[in-house]
Amino acid sequence: MKTGTIELKSRFPFLGEDGKNPTLTYYLPYNMTEMGWQDKKRPCILICPGGGYAGCSQREDEPIGVHFLPLGFNVFVLRYSVAPHRFPSQLREVAAAYEIIKENADQWNCDTEKMGIMGFSAGGHLAAHYSNAWDIPEVREVFSDSYRPFASVLCYPVITAEPNIRHTGSFVNLLGHEPDADEIGRFSCEKLVRDDTPPAFLWHTAADNCVPVQSTLLYANALANHKIPHEVHIYPYGWHGLSTADEHTNKDVNADMTYVQSWLDSLKNWVKLTF
């Protein structure tokens with residue numbers, strides 16, 4: 001397997017303004033020639049860890065990516081800019097990551113028609129936001145050929161900016177202030193879903209007291225209204241930020257968490273069906 005990390009500003013210097021240093025880490029399985037796979041093109045998944053737009057969680061990058069390698073994926077982890085860096089930096093960095101993948105597609109054996117995006121918590125907001133706003137002016141003015149993700153995976157995602165059910169800290173970090181009435185519409189992903197929004201897999205816990213489960217339900221309802229294929233799993237128990245819900249990403253493991261671990265098996269089945 002080939003691995004490495006690219007500083008996005010090395011390819012797009014404007015992404016390094018004001019001290020930003022977003023990175024793209026890649027995990028590329030070798031195409032085994034003895035299997036006749038030397039020309040095999042692999043689907044790709046771009047992972048956006050969570051962290052409230054204040055950081056990027058280590059528990060939601062490589063520990064997640066390794067689960068996609070046996071499925072035949074090339075895996076990419078985007079450590080995007082966070083506060084004090086604001087919108088639209090994060091969307092532009094997702095677009096840049098896809099641009100780098102496309103530029104290296106032949107060398108890396110990437111199927112550029114099947115590049116998905118995955119996000120956790122605030123990274124889930126970034127993934128959902130980009131899935132619906134990949135072609136907005138703030139992105140297109142720097143990436144005129146920005147890529148629409150093939151599919152999205154949203155794990156206990158921050159979705160809505162609506163008062164009382166939003167994760168306020170994420171939006172304050174993203175915008176520099178609490179969203180006003182106009183920004184609630186612009187940054188609530190359930191309000192952005194359209195007929196060409198990519199298919200989605202979502203999961204959440206009903207007991208999440210950090211990012212309310214309503215976020216996932218609102219997005220799923222919007223997908224249903226636009227007839228976008230989607231799969232949703234709501235688990236009754238479990239705190240926010242479970243990642244793999246096992247001892248690899250959590251200090252304590254209990255029966256509730258063991259039950260939640262099945263989200264990965266469900267995701268793998270969905271991936272095989274969707275990709």
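Which residues in H3 meet Leu126, His129, Tyr130 and Ala133 in H5? They are Gln90, Leu91, Val94, Ala95 and Tyr98. Contact here means heavy atoms within 4.5 Å, and helices (H or I, at least four residues) and strands (E, at least two) are DSSP runs, numbered from the N terminus.

## Ground rules

This is a predicted model, where local features need pLDDT of at least 70 and side-chain atom pairs count only at pLDDT 80 or more, while totals for chains, interfaces and linings use all residues. Residues are numbered from 1 along each chain as its sequence is written, and side-chain values use heavy atoms, with hydrogens and water left out.

## H3 and H5

Back to that helix pair. H3 and H5 pack at an angle of about 75°, and their axes are 10 Å apart. That makes H3 roughly perpendicular to H5. For the angles, axes are lines fitted to C-alpha atoms, for helices over the stretch in contact, and angles run from 0 to 180 degrees between N-to-C directions. Under 35 degrees counts as roughly parallel, over 145 as roughly antiparallel, 65 to 115 as roughly perpendicular and the rest as oblique.

Both helices are mostly covered: 12 of the 15 residues of H3 are buried, and so are 12 of the 12 in H5. Buried means under 20% relative accessible area, exposed over 50%, and partly exposed in between (1.4 Å probe, protein chains only). The buried set in H3 includes Ser89, Gln90, Arg92 and Glu93, while the one in H5 includes His125, His129, Ser131 and Asn132. As for length, the 15 residues of H3 should span 21 Å at 1.5 Å a residue, and its end C-alpha atoms are 21 Å apart, which agrees. H5 reaches 16 Å from its first C-alpha to its last, close to the 16 Å expected. The expected span is 1.5 Å times one less than the number of residues in the helix.

The largest nonpolar core has 58 residues, and Phe76, Val94, Tyr98, Ile101 and Tyr219 touch the most other members. Helix H3 (residues 89–103) supplies the largest share of this core, eight residues. Apart from it lies another core, of 28 residues, among them Tyr27, Phe68, Cys155 and Val260. A nonpolar core is a set of buried Ala, Val, Leu, Ile, Met, Phe, Trp, Tyr and Cys residues joined through side-chain atoms within 4.5 Å. In soluble globular proteins, nonpolar side chains tend to be buried together.

Not counting residues up to four places away in sequence, Val94 touches Leu46, Cys48, Leu78, Ile117, Leu126 and Tyr130.

## The sheet

Eight strands make an open sheet with mixed pairing, in the order E1-E2-E4-E3-E5-E6-E7-E8. Strands E1 (2–7) and E8 (230–235) stand at the edges with a single partner strand each, so one side of each is left without a neighbour in the sheet. The twist averages 15° from one strand to the next. Two strands pair if DSSP finds at least two bridges between them.

Strand E5 (residues 110–120) and strand E6 (residues 152–155) run parallel and are joined by four bridges. For Gly119, the bridge partner in E6 is Leu154. Helix H5 (residues 122–133) packs on the sheet, where it touches strand E3 (42–48), E5 and E6, and its direction makes about 140° with that of E5.

## Loops with something to look at

The loop between strand E4 (74–79) and H3 holds Pro84 and also Pro88. The peptide bond from Ala83 to Pro84 is cis, with omega near 15°. Another cis peptide bond joins Phe87 and Pro88, with omega about 10°.

Two residues other than glycine have a positive phi: Tyr53, near 55°, and Asn164, near 80°. Tyr53 sits in the loop between E3 and helix H2 (62–65) and is buried, with a relative accessible area of 2%. Asn164 lies in the loop between E6 and helix H7 (168–175), and at 82% relative accessibility Asn164 counts as exposed.

Finally, Ser243. Found in the loop between E8 and helix H10 (255–260), Ser243 is buried, with a relative accessible area of 0%. Leaving out residues up to four places away in sequence, Ser243 touches Arg59, Glu60, Ile64, Phe120, Tyr156, Trp203, Thr249 and Trp263.
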